[in-house]
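Here are my notes on this one, as numbered points. Have the viewer open while you read.

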Amino acid sequence: MTLRNGPTLDEKKDIGGVITDVKTRQNTVTMDKFPVPVWEWSRTMLDIAYNYPHRVEDFAKSFSRNQFYAKCWMLEVLRAEVDYTIDRQTRWWILGSWYGTLIVPLIWQYFGTLKKIHMCDFDAEALEVAERLHGTRRLMTHNIDVNWEFDRLSKVKTDIMINTSCEHMYPMTDFKTDALCVFQSTNFKDDYAHINAVDSLEAFEEQVNMTQVLWKGEIPFHDYDDHHKRFMIIGYKA
Ligand SMILES: C[S@@+](CC[C@H](N)C(=O)[O-])C[C@H]1O[C@@H](n2cnc3c(N)ncnc32)[C@H](O)[C@@H]1O
């Protein structure tokens, strides 16, 4: 990786050098209390500023207040209201995973999972950043277009299949899996990438075509208006 002008020799060791796994270095007690190791984002922001400058804005958006709300909401509902059996052996796959900025450390923190978390995205560079952020010891990335991989993904052996990017891809209607599905979408249509935004929670429920819905609900999609919603449905398709 070639670095742009700027960082000092010491910074280079951190930015472009060896990728350290989260939590392989010693923390203080206060640091251990942080639900996500936010200092890793400092290292990653520098890495991105020097090596992927076109990504700065996108990466910053991945840990906005709104993203915090949505990802924490999902894991809190999962843990407290849906599945009390999730444990360290639970297997997780994430479709349209982006950088996994919040979801990956939150899963580690909440559930202490011992299995590798699988991240799928058609954006190879986002996955590259994800590996530099989280390390690869507890993570596996798959650079695939979910739209064309329904069959292969259906055969994946996993306990939980997350897709918080349903608005970005083909409907999950015919996607088959035995796993507990945790799907999110939105009625926000003013983003060119939202090719599959839905009008309502009911429309989303119809689209995801679950045989058993365990939980459904909605929250505001933005911090600045209430009529755009983020929908979530949790349940089984088989
Ligand atoms: C903007 S991000 C996340 C949006 C989502 N609302 C959230 O808050 O988690 C959407 C991600 O889905 C990925 N994506 C979109 N369509 C995809 C597809 N067909 N296959 C794989 N990844 C896809 C994009 O590359 C991007 O990383």
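**Notes on the model**

1. Starting with the ligand: its shell is made up of seven nonpolar, six polar and three charged residues. Here Ala, Val, Leu, Ile, Met, Phe, Trp, Tyr, Cys and Pro count as nonpolar, Asp, Glu, Lys and Arg as charged, and the others, Gly among them, as polar. Of the 16 residues around the ligand, the nearest are G96, D123, V146, T164 and H168; near means a C-beta atom, placed from the backbone, within 6 Å.

2. Keep in mind that this is a predicted model, where local features need pLDDT of at least 70, side-chain atom pairs count only at pLDDT 80 or more, and totals for chains, interfaces and linings use all residues. Numbering runs from 1 along each chain as its sequence is written.

3. The pLDDT (the predictor's confidence in each residue, from 0 to 100) averages 90 for the protein, and 90% of the residues score at least 70. Residues 1-9 fall below 50, though this stretch has 12 contacts in the model beyond near neighbours in sequence. A contact means C-beta atoms, placed from the backbone, within 7 Å.

4. Now helix α6 (residues 103-111): I103, V104, P105, I107 and W108 are buried, that is, 20 or more other C-beta atoms lie within 10 Å of their own, with C-beta atoms placed from the backbone. Helices here are DSSP runs (H or I, at least four residues) and strands likewise (E, at least two), numbered from the N terminus. The buried residues of α6 pack against α5, β1 (92-95), β2, α7 and β3 (139-143).

Terms used: Buried ≥ 20, exposed ≤ 12 C-beta atoms within 10 Å, placed from the backbone. Contact = placed C-beta atoms within 7 Å.
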